[in-house]
Amino acid sequence: MFHTFARSADLRVCRIVAACLLAAATSLSAPPPKTLASDPDILPGPGVTAIRKLSSYLPSLSNTPGDTFVYFLEGKQPGGTVFVAGGTHANEIAGVMAATVLIEHAKVEKGRLIVVAHANNSAATYPDPTREVSSSYTIQTASGERHFRYGARLTKPEDQGAKDPARFRNPKSTESLAGFEARNLDRAYPGRSKGNLTERIAWAILQVLKKESVNVAFDFHESPPDSRLANMIVAHPRSIDIAALAILDLDAAGVGMRLERSSETFRGLSHREWGDATKAHAFLFETPHPGMVKKTAGVDMVSDPKLPLSRRVGLQLSSFLAVLETYDGVAAPGLSVKVQDVPGLPQLVESGLGSFLK
Ligand SMILES: [Zn+2]
């Protein structure tokens with residue numbers, strides 16, 4: 001009892017001294033730097049060295065639902081730059097969580113890692129209206145229960161600033177799609193700086209790739225479990241060899257991913273337009289999502305017995321590590337990137353997703 005009282009008395013004295021010192025320092029110099037703001041559902045980890053907003057690449061996104069946080073993890077040694085987008089489709093939660101694990105757990109030894117976990121932040125703000133799904137899900141972590149947003153595939157209609165057209169066609173594409181696809185970030189690239197919200201998000205993300213001289217860019221997605229796309233790495237033609245070698249390494253480690261090349265005619269997708277408009281090697285991953293089915297009643301998005309979220313995040317991050325390692329083998333001198341503390345499929349299956357979140 002006495003010890004507890006003595007400790008709390010000591011603590012009070014310490015707090016008073018600290019407050020006085022802080023007040024003195026504040027009166028002598030500029031105000032102390034504010035704690036960096038971040039996404040409400042993300043706790044930046046020890047590897048994060050700076051946080052910016054997407055609006056710093058396109059000011060008209062400021063104070064709109066399309067603005068989102070951009071996390072920088074910079075190593076002590078100079079090297080290349082890697083970009084990761086999760087949440088292009090906000091219902092594809094393995095992509096969001098894989099990006100979140102990078103922000104909360106990864107450290108960079110050499111080069112830079114830039115991560116956006118909610119690439120389409122407007123889509124993250126409302127649950128998919130076409131499916132019976134909850135707007136959030138819960139993960140148990142060392143800091144307790146954490147709640148994450150389960151969003152929609154498309155920009156929220158009220159945020160778009162334009163009505164959906166009768167039919168949508170990306171200016172570079174020969175294919176016309178349903179009008180609502182105008183709100184699909186992964187059909188909007190390269191985007192337009194003065195377009196609707198989805199086009200502006202796309203344009204701003206492309207500016208990140210250009211202004212930060214990104215060498216390798218990833219877009220993390222999910223697809224229905226029975227889709228042709230499930231367990232797929234889609235690669236820009238210029239980067240197909242890197243993806244093929246990575247898939248051989250993944251196969252040797254018992255992780256089955258397949259390879260597809262970006263289409264020449266189906267345009268507006270990240271891997272195709274990022275690779276065409278910048279020097280980056282561009283890749284998109286698809287993991288099988290048990291909730292992307294017609295009847296979602298009773299489907300557990302997090303703890304599905306066959307496709308639990310931890311396994312899907314493991315597939316994303318094992319693929320990320322394999323591609324990065326292959327890139328590193330062919331990278332020009334000075335453009336190598338070394339990222340540490342990224343768990344792959346075996347670690348996520350064994351310890352669970354919560355072990356790699358704060
Ligand atoms: Zn997707």
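This is a predicted model: local features need pLDDT of at least 70, side-chain atom pairs count only at pLDDT 80 or more; totals for chains, interfaces and linings use all residues.
The chain contains 7 helices and 13 strands. It is made up of 358 residues, of which 49% count as buried. Among contacts in the chain with a separation of 6 or more, 72% are accounted for by residues 24 or more positions apart.

Two packed helices are described by the angle between their axes and the distance between the axes. Helix α2 spans residues 93-105 and helix α6 spans residues 309-330; their axes come within 9 Å and cross at roughly 65°. Angles of 65 to 115 degrees count as roughly perpendicular, and α2 and α6 are therefore roughly perpendicular to each other. Their crossing is right-handed. On the side of α2, the contact is made by I93, A94, G95, M97, A98 and V101. On the side of α6, L309, R312, V313, Q316 and L317 take part. Sorted by class, the residues in this contact of α2 with α6 comprise 8 nonpolar, 2 polar and 1 charged.

In soluble globular proteins, nonpolar side chains tend to be buried together. In the present model, the largest nonpolar core has 90 residues, and the members that touch the most others are A99, L102, V115 and F283. When residues up to four places away in sequence are not counted, A99 touches V84, G86 and G87, together with V115, V116, A117 and F220. One of these, V115, is also among the core residues that touch the most other members.

Note on methods
Residues are numbered from 1 along each chain as its sequence is written. Helices (H or I, at least four residues) and strands (E, at least two) are DSSP runs, numbered from the N terminus. A residue is buried if 20 or more other C-beta atoms lie within 10 Å of its own, exposed if 12 or fewer, and partly exposed in between; C-beta atoms are placed from the backbone. Two residues are in contact if their C-beta atoms, placed from the backbone, lie within 7 Å. Axes are lines fitted to C-alpha atoms, for helices over the stretch in contact, and angles run from 0 to 180 degrees between N-to-C directions. Angles under 35 degrees count as roughly parallel, over 145 as roughly antiparallel, 65 to 115 as roughly perpendicular and the rest as oblique. A crossing is left-handed if the near helix is turned anticlockwise from the far one by less than a right angle, and right-handed if clockwise. Ala, Val, Leu, Ile, Met, Phe, Trp, Tyr, Cys and Pro count as nonpolar, Asp, Glu, Lys and Arg as charged, and the others, Gly among them, as polar. A nonpolar core is a set of buried Ala, Val, Leu, Ile, Met, Phe, Trp, Tyr and Cys residues joined through C-beta atoms within 7 Å.
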